[in-house]
Amino acid sequence: MAGPNELDVETVLEALQALNDGIAIYGPDDRQLFVNEVAYRRFRTYYQGMADGLTHLEALTAQFKQSLPDTPDAEIHEMAQSHYGKFHTGETYMTKTEDGRTVLATFRQMSRGRKAGISIDVTDLRRRERELEKAKKAAEAASHSKSSFLANMSHEIRTPLNGIMGMAQVLESTELDKQQRDYVTTILESGKTLMSLLNEVLVL
């Protein structure tokens with residue numbers, strides 16, 4: 001592990017700026033001490049609002065108004081209150097950024113009353129999840145259609161086939177010469193074979 005002389009503050013800050021995740025550090029008064037470029041880009045109105053003197057809750061409200069312009073004020077206020085509560089509890093939550101991305105955000109306690117805020121972009125993951133869910137629903141719909149088709153096919157084929165075999169069985173019970181009986185036997189055996197094949201096909 002690197003000692004204090006091997007890893008200076010400038011190097012640490014450079015590393016935080018190089019991350020793909022948003023990183024922010026807050027002081028005991030809940031105001032930001034450090035914000036990397038990714039976090040600032042994602043929540044520009046929020047961080048700039050606090051830099052301009054807004055309270056944490058006011059800055060959150062301004063951020064939501066910017067990100068969700070068509071949302072009623074009462075709902076905006078409720079969302080800001082909820083997110084402000086999660087800032088203190090450390091609960092991970094999903095939110096929209098100013099540039100339309102979806103991120104998971106969380107806040108973790110540090111020493112001396114400070115907090116670290118982290119936002120991870122899950123936009124592409126959520127998109128893939130939606131695509132998989134859509135594909136799953138399409139597969140389920142296709143399976144349902146297949147089952148419905150096979151059920152209809154079973155009915156349409158079995159009904160006349162049962163009629164043929166039933167009449168052949170009736171015919172078999174009548175007085176027949178040897179050649180006629182052979183014909184009826186062939187009809188019944190063929191019918192049984194066809195029924196067996198039909199059962200196998202409908203089970204696939």
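A nonpolar core is a set of buried Ala, Val, Leu, Ile, Met, Phe, Trp, Tyr and Cys residues joined through side-chain atoms within 4.5 Å. The exercises below apply this and related ideas to a predicted model.

**Exercise 1. The core**

Task: State how many residues the largest nonpolar core has, and which of them have the most contacts inside it.

Solution. 
1. The largest nonpolar core has 17 residues.
2. Those with the most contacts inside this core are Tyr26, Phe43, Tyr46, Tyr47, Met50 and Phe107.
3. At least two core residues come from each of β1 (22-26), α3 (44-51), α4 (56-67), α5 and β4 (102-109).
4. As background, nonpolar side chains in soluble globular proteins tend to be buried together.
5. Take Tyr26 as an example. Beyond its neighbours within four places in sequence, Tyr26 is in contact with residues including Tyr46, Tyr47, Met50, Phe87 and Phe107.

**Exercise 2. An aromatic pair**

Task: Decide whether the rings of Tyr84 and Phe87 are stacked or edge-to-face, and find where the two residues lie.

Solution. 
1. A pair of aromatic rings is described by the distance of the centres and the angle of the planes.
2. Rings pair if their centres lie within 6.5 Å, and planes under 30 degrees apart count as stacked.
3. For Tyr84 and Phe87 the centres are 6.4 Å apart and the planes are at 5°, so the pair is stacked.
4. Both residues belong to helix α5 (residues 73-89); because they are three residues apart there, about one helical turn separates them.
5. Tyr84, at 24%, is partly exposed, while Phe87, at 1%, is buried.
6. Ring pairs also link Tyr26, Tyr84, Phe87 and Phe107 into a cluster.

**Exercise 3. The faces of α5**

Task: Determine which residues of α5 are buried and how they are arranged around the axis of α5.

Solution. 
1. The buried residues of α5 are Ile76, Ala80, His83, Lys86 and Phe87.
2. Seen down the helix axis, these residues fall within an arc of 125°, so they line one face of α5.
3. The buried residues pack against β1, α4, β3 (93-96), β4 and β5 (115-121).
4. After α5 comes Gly90, with a positive phi near 85°.

**Exercise 4. The buried side of α3**

Task: Name the buried residues of α3 and the elements they pack against.

Solution. 
1. Tyr46, Tyr47, Gly49 and Met50 are buried in α3.
2. Their arc around the axis is only 160°, which puts them on the same side of α3.
3. They pack against β1, β2 (32-35), α2 (37-42) and α4.
4. Gly53, which follows α3, has a positive phi near 110°.

Technical notes:
Residues are numbered from 1 along each chain as its sequence is written. This is a predicted model: local features need pLDDT of at least 70, side-chain atom pairs count only at pLDDT 80 or more; totals for chains, interfaces and linings use all residues. Side-chain values use heavy atoms; hydrogens and water are left out. Rings of Phe, Tyr and Trp (its six-membered ring) pair if their centres lie within 6.5 Å; planes under 30 degrees apart count as stacked, over 60 as edge-to-face and the rest as tilted. Helices (H or I, at least four residues) and strands (E, at least two) are DSSP runs, numbered from the N terminus. Buried means under 20% relative accessible area, exposed over 50%, partly exposed in between (1.4 Å probe, protein chains only). Contact means heavy atoms within 4.5 Å. The arc is that of the directions from the helix axis to the C-beta atoms.
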